[in-house]
Amino acid sequence: MIPEYTVWTVIGMLVVIGLELFVIRSGIFRRAQYWAALAICLGFQCLVDGWLTKLSDPIVIYNPDMFLGIRFPFDIPIEDFGFGFAMITAVLMLWQRNLNRRPEEAP
Amino acid sequence: MIGAWDGFGHWDYLALMGACVLITLPLEFVFSARVYRRLPLLLKALLPVVVVFAVWDIVAIARDHWTYDPRFGTGIDLGVLPLEELVFFLVIPVCALLSYEAVGTVIGWANRYAVHRANASHGTTSTDRAKPDPHPPEGGDTR
C-alpha cells in the first residue's frame, strides 16, 4: 500500500496542475517568472522545512506509516515538496489570473 | 543537520515564520514586488489557498499523518490546528508571491538592459532606437 500522505500529495499536485491547465488558465506554466520563483521557493523550503522536520529536535513529527520514509535533503519527508509545489502553484495561479483580469496589469 | 542550537522554545515555530516575513520584506520595496501594497489582490489569491491547505492540515492531523512537539509551539490551538500552522499558511504563500513578483521585476530590468545594450552597440539614432516593450511576454511588466 502506498502511504496516505504520499497519495494525498500526488493527488494535490495533480489537482492543482489540472485546475491551472483546464479551469484557471493563468498561463504561469509558460512563464520563466513562475519556474524561477518556484525554484527559489523550493530552495528556501529546504531551510525552513529542514528546521521544522530535523530529527534531532523535530517541531513536526511525522507518522512513519503515513509517508514513504524517504527524507531528503536534511530530514525532510520528500512528500513535503509536493505539498509545497501544490500550495505555491495554487497561490501564484490565482494571483496571475487576477492580474490578467485587470487590463492595466495584463501581461 | 541544521545545527545544535535549540531555538526559541515555545516561540520556535512562530519565530521561524517571523524570520520568513523579515527576510522576504526587501522584495516588496527593493524589488518592487508590490504584494502587500495590493492588499485586495493579495487576499483574493491568498484566502482560498489558506482555507484549502488548512483543511488538508486539519484532516491530516486527524488521520495522524503528523503531530507537533508541544515544546516548540505556543500551545494555542484552533480546534486541532496549531496557531503556528495557520500562520504558516498565511506567511509561506505571501513569500511565494513576493518571490514571483521580485523575479518579474528582475526580468523586466534584464529586458531593459538588453535593449539598452542593443541600442548602444548598433549606434542607432534616437528616432529609430528600439523602445522597451511595455508588456514583455515573460513577466517583467514595466508598471
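In chain A, residues 24 or more positions apart account for 69% of the contacts with a separation of 6 or more, a contact being two residues whose C-beta atoms, placed from the backbone, lie within 7 Å. This is a predicted model, in which local features need pLDDT of at least 70 and side-chain atom pairs count only at pLDDT 80 or more, while totals for chains, interfaces and linings use all residues. Residues are numbered from 1 along each chain as its sequence is written, and chains are lettered from A and ligands numbered from 1 in the order in which they are written.

Chain A has 3 helices and 1 strand, in the order α-α-β-α along the sequence. Helices (H or I, at least four residues) and strands (E, at least two) are DSSP runs, numbered from the N terminus. The C-alpha trace of chain A spans about 50 × 30 × 20 Å along its principal axes. Of its 107 residues, 39% count as buried, that is, with 20 or more other C-beta atoms within 10 Å of their own, the C-beta atoms being placed from the backbone.

Two helices of chain A pack together. Two packed helices are described by the angle between their axes and the distance between the axes. The axes of α1(A), residues 4–24, and α3(A), residues 79–101, come within 9 Å and cross at roughly 20°; axes are lines fitted to C-alpha atoms, for helices over the stretch in contact, and angles run from 0 to 180 degrees between N-to-C directions. α1(A) and α3(A) are therefore roughly parallel to each other, the term for angles under 35 degrees. Among the residues making this contact are Tyr5(A), Met13(A) and Ile24(A) of α1(A), and Phe83(A), Ala90(A) and Arg97(A) of α3(A). By class, the contact has 11 nonpolar, 5 polar and 3 charged residues. Ala, Val, Leu, Ile, Met, Phe, Trp, Tyr, Cys and Pro count as nonpolar, Asp, Glu, Lys and Arg as charged, and the others, Gly among them, as polar.

Chain A also touches chain B, in a contact that takes 34 residues from chain A and 38 residues from chain B. On the chain B side, the elements giving two or more residues are α1 (12–29), α2 (39–62), β1 (66–68) and α3 (83–122). The largest share of that side, 10 residues, comes from α3(B). The residues of that side divide into 23 nonpolar, 6 polar and 9 charged.

Strands meet across the two chains as well. Strand β1 of chain A, residues 60–62, is joined to β1(B) by 3 bridges, and the two run antiparallel; strands pair if DSSP finds at least two bridges between them. Here Val60(A) stands opposite Tyr68(B).

Conventions: Angles under 35 degrees count as roughly parallel, over 145 as roughly antiparallel, 65 to 115 as roughly perpendicular and the rest as oblique. A residue is buried if 20 or more other C-beta atoms lie within 10 Å of its own, exposed if 12 or fewer, and partly exposed in between; C-beta atoms are placed from the backbone.
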